[in-house]
Amino acid sequence: MPRTLKLTVEYLGAGFAGWQAQASGRRTVQGVLAEAVARVTGERVAVHGAGRTDAGVHALGQVASLVLERSTLAPDALRDALNAVLPADVSVRAVEEAHAGFHARKDAAGKRYRYLILVSPARSPFWEGRAWHRRGPLDLDAMRRAASGLVGTHDFSAFRAAASEARSAVRTVSRLTIDADPEVERLVRVEIEGDGFLTHMVRIIVGTLVEVGRGKMPAERVAEILAGRDRR
């Protein structure tokens with residue numbers, strides 16, 4: 001009898017060309033997971049992710065779903081078996097039985113992205129590949145003022161990649177916070193939650209907010225950019 005399973009996956013994105021499998025054959029998280037499932041269960045299945053993270057994007061809790069037709073491995077046993085064959089830069093944190101028809105992308109209630117910015121005159125080898133290094137100071141209060149206008153339901157055409165294929169640019173941002181990390185000196189955290197995001201939308205928003213923090217753009221300009229709906 002078919003079983004629908006929910007996987008919680010963690011990975012370092014540096015070695016992947018993003019989540020989604022590609023015709024070019026480039027290494028992707030989806031492809032690596034599907035291959036591991038095939039090795040462990042003997043079944044070739046589709047592994048669906050809650051979000052299609054871009055190349056280089058890490059994940060602490062990416063949700064995935066799949067359907068197994070024959071395997072009777074218990075969830076914990078399947079988790080351990082998958083981790084035994086997966087490469088070091090991806091791990092299955094948990095496997096759970098899900099209701100029939102569960103789909104990680106279609107049933108996602110929301111998504112959260114976190115950007116880390118290292119504000120320091122010198123780079124740090126400990127944060128290389130995990131934080132964006134900016135040398136100068138950032139005005140976090142100005143960034144927060146700019147960010148407040150992005151919360152809510154808006155047309156985010158001005159913050160989408162030119163290659164975005166989404167038919168609608170309307171998205172709801174439920175939370176956008178900017179804080180100094182309480183545990184790591186010099187580190188700033190930008191977190192954004194919403195019902196979904198356009199291609200490159202989050203990185204474009206963060207890059208724009210950093211321009212405000214650097215004093216290169218007034219905080220009020222972000223609301224004008226949003227209203228203009230023009231990526232240029």
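Predicted model: local features only at pLDDT ≥ 70, side-chain atom pairs only at ≥ 80, totals over all residues.
**Entry 1: α3 and the five-stranded sheet**

Helix α3 lies across β8 and β9, and I get an angle of about 165 degrees between α3 and β8. α4 packs on the sheet as well, where it touches β5, β6, β8 and β9. The direction of α4 makes about 35 degrees with that of β5.

Next I looked up the sheet itself. It is open, has five strands in the order β6-β5-β9-β8-β7, and its pairing is mixed. The edges are β6 (132-134) and β7 (152-155), each pairing on one side only. From one strand to the next, the twist averages 35 degrees.

β5 (residues 111-119) and β9 run antiparallel and are joined by eight bridges. Across that pair, Y113 stands opposite I192 of β9.

**Entry 2: which side of α3 is covered?**

Which residues of α3 (residues 140-148) are buried? I find L140, A142, M143, A146 and A147. They sit on the same side of α3, because the arc they cover around the axis is only 155 degrees. The general rule behind this kind of pattern is that an α-helix has 3.6 residues a turn, so residues three or four places apart point the same way.

What do those buried residues pack against? I list β8 (170-180), β9 (187-194), α4 (201-213) and α5 (220-228). I also looked at the N-terminal end of α3, which D139 caps. A side-chain oxygen of D139 is 3.2 Å from the backbone nitrogen of D141.

**Entry 3: the four-stranded sheet**

I moved on to the other sheet in my notes. This one is open too, with four strands ordered β2-β3-β1-β4 and antiparallel pairing. β2 (48-49) and β4 (90-98) are at the edges with a single partner strand each, so one side of each has no neighbour in the sheet. Helix α2 (residues 75-85) packs on this sheet and touches β1, β3 (59-68) and β4. Its direction is at about 160 degrees to that of β4.

Eight bridges join β1 to β4, and the two run antiparallel. Eight bridges also join β1 to β3, again antiparallel. For individual pairs, I noted that E10 has S91 in β4 as its bridge partner, that L5 stands opposite E97 in β4, and that Y11 is bridged to A59 in β3. How many of the nine residues of β1 are buried? Seven are, so I put β1 down as mostly covered.

**Entry 4: α1**

At 1.5 Å a residue, its 13 residues should span 18 Å, and the end C-alpha atoms are 18 Å apart, which agrees.

Burial in α1 came next: V29, Q30, V32, L33, A34, A36, V37, A38 and T41 are the buried residues. Their cover includes β1, β3, α2 and β4. At the start of the helix, a side-chain oxygen of T28 comes to within 3.1 Å of the backbone nitrogen of G31. After α1 comes G42, with a positive phi near 80 degrees.

**Entry 5: S65**

Is S65 buried or exposed? Its relative accessible area is 2%, and the cut-off for buried is under 20%, so S65 counts as buried. The S65 side chain reaches the backbone nitrogen of A104 at 3.0 Å. Beyond its neighbours within four places in sequence, S65 is in contact with L5, A46, V47, H48, F102, H103 and A104. L5 has already turned up in these notes, as the residue opposite E97 in β4.

**Entry 6: the chain as a whole**

Last, I zoomed out. I count five helices and nine strands in the chain, and along the sequence they follow β-α-β-β-α-β-β-β-α-β-β-β-α-α. Along the principal axes, the C-alpha atoms fill a box of roughly 60 × 40 × 35 Å. Of the 232 residues in the chain, 43% are buried. For contacts between residues at least 6 apart in sequence, I note that 66% join residues at least 24 apart.

How values were computed:
Residues numbered from 1 in each chain as written. Heavy atoms only, no water. Pairing = 2+ DSSP bridges. Contact = heavy atoms within 4.5 Å. Axes fitted to C-alpha atoms, helices over the stretch in contact; angles between N-to-C directions. Buried < 20%, exposed > 50% of the residue type's maximum accessible area, 1.4 Å probe, protein only. Arc of directions from axis to C-beta. Polar contact = N/O pair within 3.5 Å; in protein donor to acceptor, adjacent residues only side chain to side chain. Expected span 1.5 Å × (residues − 1).
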